[in-house]
Amino acid sequence: MSILALLITGLIAALHAFIAWFEMFAWETRGPKVFKNFPKELFAPTKMLAVNQGLYNGFLAAGLTWSLFISDPLWQMRVATCFLLFVAVAGLVGAATASRRILYIQTVPAIIALVLVNLA
């Protein structure tokens, strides 16, 4: 993969590692500041749902990070493509169900990375 494709893929992996941390460990403390339209009293009862979501985001981060260390170029592209597709689809679902901002934070960068990964 090109340096730019590796860099963007790495940044997306870091973003999902942060989201995993946020959802798994800071949902009740930082969540109300991030999701201002979500009633504050619902953060505690939805903590376990957020932990579950965080785990999935951790899997996305792990898969993208793994792709950065694969030495075979074809397999590196395939693994990165697979996990970037997962990110893009998750972003589409998040944009449709939670916040349209997710489209720009998650889906658009994943699509850019997919193009760069597959051009290399």
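**Exercise 1.** Work out how α4 and α5 are placed relative to each other.

*Solution.* Start with the axes: those of α4 and α5 come within 8 Å and cross at roughly 155°. Axes here are lines fitted to C-alpha atoms, for helices over the stretch in contact, with angles from 0 to 180 degrees between N-to-C directions. The helices themselves are DSSP runs (H or I, at least four residues), numbered from the N terminus. Next, α4 and α5 are roughly antiparallel, therefore; the classes are under 35 degrees for roughly parallel, over 145 for roughly antiparallel, 65 to 115 for roughly perpendicular, and oblique for the rest. Then the hand: α4 passes α5 in a left-handed crossing, that is, the near helix is turned anticlockwise from the far one by less than a right angle.

A word on the model before going on. It is a predicted one, where local features need pLDDT of at least 70 and side-chain atom pairs count only at pLDDT 80 or more, while totals for chains, interfaces and linings use all residues. Residues are numbered from 1 along each chain as its sequence is written, and side-chain values use heavy atoms, with hydrogens and water left out.

**Exercise 2.** Which residues does α4 use to meet α5, and how do the residues of this contact divide by class?

*Solution.* From α4, pick out M77, A80, T81, L84, L85, V87, A88, A90, G91, L92, G94 and A95. Their partners in α5 are I102, L103, Q106, T107, A110, I111, A113, L114, V117 and N118. Contact means heavy atoms within 4.5 Å. Sorted by class, the contact of α4 with α5 has 16 nonpolar, six polar and no charged residues. (Ala, Val, Leu, Ile, Met, Phe, Trp, Tyr, Cys and Pro count as nonpolar, Asp, Glu, Lys and Arg as charged, and the others, Gly among them, as polar.)

**Exercise 3.** Now do the α3 and α4 pair.

*Solution.* The axes of α3 and α4 cross at roughly 160° and come within 8 Å. α3 and α4 are therefore roughly antiparallel, and their crossing is left-handed. On the α3 side, the contact is made by F59, L60, G63, L64, W66, S67 and L68; α4 brings Q76, V79, A80, F83, L84, F86 and V87. That contact has eleven nonpolar, three polar and no charged residues.

**Exercise 4.** Find how α1 packs on α4.

*Solution.* Helix α1 (residues 3-25) and helix α4 (residues 73-97) have axes 12 Å apart, at an angle of about 45°. That makes α1 oblique to α4. The crossing of α1 and α4 is left-handed. Finally, L6, T9, I12 and H16 of α1 meet Q76, L84 and V87 of α4.

Key:
Helices (H or I, at least four residues) and strands (E, at least two) are DSSP runs, numbered from the N terminus.
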